[in-house]
Amino acid sequence: MTLKTLSAKSATALDKELMSSGGFSIDQLMELAGCALCFPGWYMTLFTDMTLSPATAADASTNQVYKLHPPSQGREILIACGPGNNGGDGLVAARHLYHYSYRPTIYYPKQSSNELYQRLATQLRTLGVPFTDDFPNALKHTHHVVDAIFGFSFSGEVREPFPAVIRALAETRVPVTSVDVPSSWDVETGPPAEGPGKGFFPHALVSLTAPKPLARFFAGRHFVGGRFVAPYICEKYGLELPEYEGVDQIVEVDAKTGQKL
């Protein structure tokens with residue numbers, strides 16, 4: 001069995017359909033994406049490489065992970081946000097992480113003038129969540145990085161100031177979780193052969209709505225967050241989404257087959 005994916009063209013069409021016949025607003029979709037990134041199941045990804053043993057993690061239900069590995073064991077989360085929707089997902093995730101007692105720091109060098117993104121940034125500032133312009137220094141003091149720089153619509157050259165940031169993500173030993181697409185990867189062909197993203201393979205990938213073709217080149221821990229998708233949309237786009245347990249908003253799947261783990 002092979003992993004079934006959603007092309008960039010289909011992903012764009014699906015998003016438009018969600019916001020038309022589906023009745024969703026972009027605010028709602030961004031909130032759902034941010035929630036998927038921060039739901040308790042995500043903490044298993046966040047801290048598997050730290051003090052929580054693999055055996056303990058495997059035996060724990062996702063709703064118990066928070067209790068098994070509380071924020072006191074590693075609360076610093078660095079979230080790198082780009083100027084588009086992917087960055088907006090990162091801003092939403094930061095707000096939820098703050099309320100889960102983590103300490104997010106935001107790297108958001110190209111802040112959008114769009115009212116939605118400005119409101120998301122304001123929500124964080126009113127909570128006292130810090131914004132930084134010094135990504136290398138922030139990286140030295142974090143326990144995990146969320147890569148929310150570029151999404152599935154990215155193409156072409158990585159422009160300043162992001163080349164150095166993506167190189168740092170490729171070189172760091174700090175675990176990195178990418179939102180939908182590892183930044184600088186081509187949505188169809190995966191990791192670049194040259195440029196700042198060469199050698200960038202994040203620890204985990206959270207595919208939003210459904211995996212994109214690049215997921216075939218990903219070998220880390222792969223999660224899907226798309227529990228809000230209606231059955232008629234799954235049928236129309238040929239999606240075979242995994243079943244979600246209980247109240248979970250994400251599910252871990254096999255990186256090669258897409259089957260639920």
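Predicted model: local features only at pLDDT ≥ 70, side-chain atom pairs only at ≥ 80, totals over all residues.
**Stop one: Thr-132.** Select residues 131-132, which make up strand β3, and pick out Thr-132 there. Thr-132 has a relative accessibility of 18%, so it counts as buried, the cut-off being under 20%. Then turn to the side chain of Thr-132: one of its polar atoms sits 3.0 Å from the backbone nitrogen of Asp-134.

**Stop two: helix α9.** Next, select residues 162-171, helix α9, and colour its buried residues: Phe-162, Pro-163, Val-165, Ile-166, Ala-168 and Leu-169. What do these buried residues pack against? Bring up the strands β1 (76-81), β2 (103-107), β4 (144-148) and β5 (176-179), plus helix α8 (135-140), and you have the partners.

**Stop three: α6 and α7.** Select residues 85-99 for helix α6 and 115-126 for helix α7. A pair of packed helices is described by the angle between the axes and the distance between them. Here the angle is about 25 degrees and the axes are 9 Å apart. Because angles under 35 degrees count as roughly parallel, α6 is roughly parallel to α7. Their crossing is left-handed. To see the contact itself, show Asn-85, Gly-88, Leu-91, Val-92, Ala-94 and Arg-95 on α6, then Tyr-117, Leu-120, Ala-121, Gln-123 and Leu-124 on α7. Colour that α6–α7 contact by class and you'll get seven nonpolar, three polar and one charged residues.

**Stop four: Gly-190.** Head for the loop between β5 and β6 (204-208), where Gly-190 lies. Is Gly-190 buried or exposed? With a relative accessible area of 2%, Gly-190 is buried. Leaving out sequence neighbours within four places, its contacts are Trp-185, Leu-214 and Phe-217. While you're here, draw a C-alpha to C-alpha distance from Gly-190 to Ala-215: the two are 25 residues apart in sequence and 7.4 Å apart in space.

**Last stop: helix α1.** Finish with residues 8-18, helix α1, where the buried residues are Ala-8, Ala-11, Leu-14, Glu-17 and Leu-18. An α-helix has 3.6 residues a turn, so residues three or four places apart point the same way.

Definitions and conventions. Residues numbered from 1 in each chain as written. Heavy atoms only, no water. Buried < 20%, exposed > 50% of the residue type's maximum accessible area, 1.4 Å probe, protein only. Helix = DSSP H or I, 4+ residues; strand = E, 2+ residues; numbered from the N terminus. Contact = heavy atoms within 4.5 Å. Polar contact = N/O pair within 3.5 Å; in protein donor to acceptor, adjacent residues only side chain to side chain. Axes fitted to C-alpha atoms, helices over the stretch in contact; angles between N-to-C directions. Parallel < 35°, antiparallel > 145°, perpendicular 65-115°, else oblique. Left-handed = near helix turned anticlockwise from the far one by under 90°. Nonpolar A, V, L, I, M, F, W, Y, C, P; charged D, E, K, R; others polar.
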